[in-house]
Amino acid sequence: MSHNETTEDKIIEDEITEDEVTEDDVELIAKGAAVLGAGGGGDPYIGMLMAQQTLRARGPVPLVHPRDLSDDAVVFPVAMMGAPTVMVEKLPTTEQFAEAITALSRYVGKRVTHVACAEAGGINSTIPVIAAAELGLPLVDGDLMGRAFPELQMVLPTLAGIAGTPMSIADEKGNTGILSSVDNPWSERMARALTIEMGCSAIISNFVMDGATFRAASVPGTLGVCRQLGRAIVQARSAHRSAVDAVVDVLNGRLVYTGKVTDVARRTATGFARGTATVAPLTGQGDTLTLEFQNEHLLAARQHSGGQHIEVSTPDLIIVLDAETGDPITTEALRFGQRVSVLGAPCDERWHTEAGVALVGPRYFGYDSDPVRAVRQQQEMVG
Amino acid sequence: MRIGIDVGGTNTDAVLLNGNTVVAAVKAATSEDVTSGIVTALGQLRQQHDFAPDHIDAVMIGTTHFINALVEASRLAPTAALRLGLPATAALPPLVGWPERLVQAINGRGFLAHGGHEFDGREISPLDPDEIRRIAGEMAAAGVTSVAVSSVFSPVNSDFERAAAEILTAELGDDVPISLSHQIGRIGLLERENATIINAALRHLAEGIVTGLSASIAGEGIAAPLFLSQNDGTLMDVEFARRYPVATFASGPTNSMRGAAVLSGETTCAVVDVGGTTSDVGVLTAGFPREATVEVSVAGVRTNFRMPDVLSVGIGGGSRVRGHDGRAPTVGPDSVGYRLTQQARVFGGDELTATDLAVAAGRADIGDRSQVAGLEKSFVTAVLDRISTDVADAVDRMRMSDEPLPVVAVGGGSILLPDEFPGLGPVLRPENFSVANAIGAAIAQVGGEVDRVFAIAPGQRDAVVDEARQDAVDRAVAAGADPRTVSIVDFDEVPIPYLPGNATRIRCKAVGDLQIDRADTRALAGNGPGVGGGVGR
């Protein structure tokens, strides 16, 4: 009996072409996407299997950096919406991914030139790979968040004033819907209701943009970052180096705390895996760390005799890794006794604007705090 | 009295138990046909302590035979997998991700048909009997002799799996057994389906083996009921074992841990099994092993069996020890393994092993002690401290709370361990640990389990929790447990993200002592506890 076999050894040996996504890349991207999921975004395993299956049949997907997009390119982001718990049971159809895009393309009357990723964290990293392969189109190396967030309006295009609709939604039965909303939070509400009716797992496409707009309103290179993260973890392990350090390096982040999970208190609240986890020192006495989560980790605070000190908060990334293997641990999988390393990593700078903080800052999620950055900024350190 | 038998790959162990007291314990070689090894073991048992066959209340067998058949990819039936869920699920057909060798060994064929349910019990599409009949025709033409049926969200609603099974049996005949996924696994379609296909591939082998086991017991004049141990440490009767051979897969480590625990008199403890190469640490809570939460791959196939959570560290009796000249010593992870009795210093070899250090420290008296007399005392202490620290660290990782946890040490290498772990407490070393597996089988109880997603309306949590607990208790009693002894041994409640209506997954397990007189009437056939959390009804 052994844990899953991987293609890790093979991957290390291979030359990796950076301008396409191959079957082998998918495993690395999925691993890295679980890191950027910051505890949420769903386990990318099923998405990885489907993407591998599709690429085996159809060959690699070309990967285009946003800087290389022509201004008049027509970019369609695509994502899965619903409960990852459902997706591991009610597997999708291959057609569903392409159908969300073609339905929207028909409605807006524009021919798709590129497929894009809406959310680089979690299962949604591999969904656009499948859609691009099915449609025979190139994939843009970038996404709309640079991490995982729980709601549709929580994307950079919202900050840029781009409407989230028209939007398409497709289920596995062949049903499709087109939504148009007065603002982006409304697109979330309507799509959520439809997703539930569709059995809690649907594919959506929204925020259709031309090349110039996409370049301005996306985080460039994030699929590449996922692949780089996956590769860094695999290589560190095979060289018996610290995979945690490797992740810190790739993300320019900071190791906040290493310890043992001593408590996970979950609260039932509609639609969210809310709770608080406590991490304590591996040996003896010392400060503890509390993690507040709602699907994603949102706040990490050091608890000491004098009170508490927030180490990192949303919108920056709080990432929990197995302290030894570097494998990311989702908030659902957190449990007593795990040895974990907690990392903070900077998010895209636009999330730290006033509008960004209003959309995804601690107060939006009910924590009475200003955002706390993972890494102090350059000018502060100089000054 | 009870007889416990452990049929391993190499040895067949048997014990005679009066209550929890070991009256006799023997080891025999496992035979190719399994049964003659058992007959030999039973004969030895009688020589050691003669018993009247009618004084035996029950016989419990734990075996690795079925998992070995899978790992060796031999003796497997030509198997088809039928999945109900179209138009959903087509992106990943059955047998995806299986090793090619194993697909060939079972001549595996996957079929997709309409059916399946949503998370809330609505139908994805209705079952199409004509479609199933057409597929049955293809199966028959392909020489399929065993079928696995899975349906989307069958843990929520198992109707389609049952209906499809009826159609398949009508078309293919009673000789083609049908394995249903809701009886085998939990939510996670691919993993549950994989486990069901494995079960299907083992059905004909199970038929032969179980018949042989029954015959070998009856041949000794023992009329008592026969049980097999399951992955979770509870029992199934032979009829259930015929239908769910896959339920025996992890019974080996489970029986070993439970046997060690009962020998030491502890029910909540860590069990450290120190072998030649590794120390394997598991944790028992209320007498049952904690289960691993990650998906487990068996013979290269991803499944969601309930396997005991075991942490292995590379320290055993044969571990090589290095670092003489003032440097901090290291122990393992490489080991001389089974060559210990030739290569270790105390046996006249050149390799310095962990066993040599235990002898030098006076913890054990094996081999030639003079061979290690020259080792510096400070070095010996440093090595044994290193071992103690590393194993204690592994135990600490497995602890679920800061409460002190007794440590039970078994296995030939347990001489490496100190009498007390700092911060953890004393190390208990039970007698008879070499037959812990057979003892674990003999003391097994009967269980019932619920693993379902519940929609919890505001203010209804207590009622839902009560319903789940009662359901688990009812299942344990239905499976043959004495109602007076049934209690809840495990309860876990996890809210599911992104689902509406406060969907919460509740897992609950109830266990009780086997009701011997009822078992005698064979009343439990056909009402097994569900393998690894079967949840349908």
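Student: How do you know where the domains of chain B lie?
Tutor: The domain assignment gives three stretches: domain 1 covers 71-207, domain 2 covers 266-429 and domain 3 covers 445-513. Bear in mind that this is a predicted model. Taken over C-alpha atoms, the centres of domain 2 of chain B and domain 3 of chain B are separated by 37 Å.

Student: What does UniProt list for residues 2-171 of chain B?
Tutor: An unreviewed UniProt entry lists "domain: Hydantoinase/oxoprolinase N-terminal" there. In the model, residues 2-171 of chain B are 32% helix and 29% strand, with 43 Å between the end C-alpha atoms.

Student: What makes β5(B) and β6(B) a pair?
Tutor: Pairing takes at least two bridges between two strands. Strand β5 (residues 79-86) of chain B and β6(B) have 6 bridges, in the parallel sense, so by that cut-off they pair. One spot to look at is A80(B), which sits opposite R109(B) in β6(B).

Student: And which order do the strands of the open sheet follow?
Tutor: The 4 strands run in the order β6-β5-β7-β8 (chain B), and the pairing is parallel.

Student: Why are β6 and β8 of chain B at the edges?
Tutor: Each of them, β6 (109-114) and β8 (178-180), has a single partner strand, so one side of each has no neighbour in the sheet. On average, neighbouring strands of this sheet are turned by 25° against each other, direction ignored.

Student: Which helix packs on the sheet?
Tutor: That's α6 (residues 189-219) of chain B, which touches β5, β7 (146-151) and β8 of chain B. The direction of helix α6 of chain B makes about 160° with that of β7(B).

How values were computed
Residues are numbered from 1 along each chain as its sequence is written. Chains are lettered from A and ligands numbered from 1 in the order in which they are written. This is a predicted model: local features need pLDDT of at least 70, side-chain atom pairs count only at pLDDT 80 or more; totals for chains, interfaces and linings use all residues. Domain bounds come from an automatic or database domain assignment. UniProt positions are given in the numbering used here, feature names are shortened, and annotations may be inferred rather than shown by experiment. Helices (H or I, at least four residues) and strands (E, at least two) are DSSP runs, numbered from the N terminus. Axes are lines fitted to C-alpha atoms, for helices over the stretch in contact, and angles run from 0 to 180 degrees between N-to-C directions. Two residues are in contact if their C-beta atoms, placed from the backbone, lie within 7 Å.
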